[in-house]
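Subject: Structure for you to look at

Hello,

Here is the structure I promised to pass on. Please open it first, then read my notes below.

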Amino acid sequence: MSLQYSNLAPVPELFVSPESAQKLKMEAADLPSWDLTARQVCDLELLMNGGFAPLKGFLDQDDYEGVVENMRLADGTLWPIPIALDVSEKFAEGISEGQDIALRDPEGVILAILSVASKYSPDKAREAEKVFGADDLAHPAVNYLHNVAGPVYLGGPITGIQQPVHYDFRARRDTPNELRAYFRKLGWRKVVAFQTRNPLHRAHQELTFRAAREAQANLLIHPVVGLTKPGDVDHFTRVRCYEAVLDKYPAATTTMSLLNLAMRMAGPREAVWHGIIRRNHGCTHMIVGRDHAGPGKNSQGEDFYGPYDAQDLFRQHQDEIGCEMVDFKQMVYVQERAQYEPEGEIEDRENVTILNISGTELRRRLREGLEIPEWFSFPEVVAELRRTSPPRAQQGFTVFFTGLSGSGKSTIANAMMVKLMEMGGRPVTLLDGDVVRKHLSSELTFSKEHRDINIRRIGYVASEITKNGGIAICAPIAPYTATRRAAREMIEAYGAFVEVHVATSLEECERRDRKGLYKLARAGKIPEFTGISDPYEAPTDPELRVDTEGQDVDFCAQQVLLKLEAMGLING
């Protein structure tokens, strides 16, 4: 099958005409409404504009099961990632198959109507095993599946009313058909796509030059600006980095467009998915590199996927994808030749000096304000990264104390606040559990659902403090692992999250019982009391663990300060 001219014809979109859209908006006022999550907005946009062709909407149960089990829709079409609308049980109870629902963005703007053809409860453990290779919460998408996504899926065709509005980088955002029209206008018959969620450095430039040369194709730099991996550089910074590097490419043969995709970090399956999406955007080739869309380490400290698993799976399905793979190994810098070369092709490696900086090492250098050599990256890119990621001692951060009631969290947190204020340099805010309950969450009970809401609120406030360069000290009980992780992910988007487990034993906490709460809980007068009638899930890998038994407050606070100093967050 020749792919040379596959980028000429338009792909089908799911939008109605502007006149019909106005009429549907009026009619939709009486429909049940679902407010879409950030991931669902990304999925809906690519469904409506043809980026997810041949999908006509969210997957019904038959298509979903086929995709999970063997990467195929019910009719046999290749499709590797489940795209279903996950909703809450409460919302699903009021929805019947055959019913229409309005899909709205977080501001309430109606984007589409879903005609519900299927309502089902997925086997999420099975989905995790088959799609991501393991039911392991260390995988960000598996954690999302179990702890964020709703328990009921809705499937059915979509009627698109309007695209989500993006106020940022509007000139860089193109639908599949807009890109195809651009390629037609310039006479680009072969286009190789470069998928990325990281800033571009010199190795990436060399890799893309080589890929375009090998495929004898024009180059589309096609970075993801939807949801990526928690902890990634924010897309505003990344796009500024891409624009700085774009000047290094020949304008006649290279262009850049932003892709509002919510990545799943599904490795091999994700590579196939990216290939289908790039085919829909008019590309004939796609670069698939080492550990494509890999999420990092699993719970055993090993990589989730092999370094070339994604290339192998893509190669198996290349003809069906309709987009050829350009596979590349890791690029390294050969000092004596002052150039980048594929690592596996250096035959005289014993006679040359091979240099490389990993992503971890780059982050360390940024964090500590160390030099980043010009052979590794462009000065313009480094300047943008330093602007967003100054040395750690100048960034905001959060210290998150967790432990049983009476463990000493609040006492240490108060001491910490005073010590940090004494040092000066950054504003310090204490978000104590009791104080937050009074001012931020007074309407909440102590049910699991409400405890989760309370911790998410604390996490959100702490993330805003961290983002703006302050220090947030949080001291809730925070008994559940999943909710603490959600708080960590919110905060780590902007700065460091330092989890301190105040590991004072239940017996000691009960002996202290300053407020008489344990006594009431033992008598059954306080339901769902942590440590008595409700579990406390102790952190398995906190940044620091302290036990207040037999230790004075000053000593415990000093342990935290020493940890902050070791992490580079404060200067000694």
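One caution before the notes: this is a predicted model.

Start with helix H2. The buried residues of this helix are Arg39, Gln40, Val41, Cys42, Asp43, Leu44, Glu45, Leu46, Leu47 and Met48. That makes 10 of the 11 residues in H2, which spans 38–48.

Next, the nonpolar cores. In soluble globular proteins, nonpolar side chains tend to be buried together. The largest nonpolar core here has 73 residues. Phe52, Leu85, Leu103 and Ile158 have the most contacts inside it.

Take Leu85 as an example. Which residues does Leu85 contact, leaving aside its neighbours within four places in sequence? They are Trp34, Leu36, Gln40, Phe58, Ile101, Leu103, Leu114, Val152, Tyr153 and Leu154. Gln40 belongs to the buried part of H2.

Now strand E7, residues 152–160. Seven of its nine residues are buried. Several strands pair with E7:

- E2 (57–58) runs antiparallel to E7, with two bridges. Phe58 sits opposite Gly156.
- E3 (85–87) is antiparallel to E7 and joined by three bridges. Asp86 faces Tyr153.
- E5 (110–115) is also antiparallel to E7, with three bridges. Ala112 is opposite Gly160.
- E6 (118–120) makes three bridges to E7, again antiparallel. Lys119 is opposite Leu154.

Last, the cavities. How many cavities of 30 Å³ or more does a search of the whole structure find? It finds two.

The largest cavity holds about 140 Å³ of space. It is lined by 16 residues, and Arg39, Pro82, Glu127, Tyr153 and Arg264 are the closest to its centre. H2, helix H5 (124–132) and helix H6 (140–147) each give at least two residues to this lining. By class, the lining has 10 nonpolar, one polar and five charged residues.

Best wishes

Methods. Residues are numbered from 1 along each chain as its sequence is written. This is a predicted model: local features need pLDDT of at least 70, side-chain atom pairs count only at pLDDT 80 or more; totals for chains, interfaces and linings use all residues. Side-chain values use heavy atoms; hydrogens and water are left out. A nonpolar core is a set of buried Ala, Val, Leu, Ile, Met, Phe, Trp, Tyr and Cys residues joined through side-chain atoms within 4.5 Å. Buried means under 20% relative accessible area, exposed over 50%, partly exposed in between (1.4 Å probe, protein chains only). Contact means heavy atoms within 4.5 Å. Helices (H or I, at least four residues) and strands (E, at least two) are DSSP runs, numbered from the N terminus. On a 1 Å grid over the protein atoms alone, a cavity is a set of points where a 1.4 Å probe fits but cannot get out, and a pocket is an open set with protein on both sides within 12 Å along at least five of seven lines; lining residues have an atom within 4 Å of a point. Grid points are joined across faces, edges and corners, and a volume is the space filled by probe spheres set on the points. Ala, Val, Leu, Ile, Met, Phe, Trp, Tyr, Cys and Pro count as nonpolar, Asp, Glu, Lys and Arg as charged, and the others, Gly among them, as polar. Two strands pair if DSSP finds at least two bridges between them.
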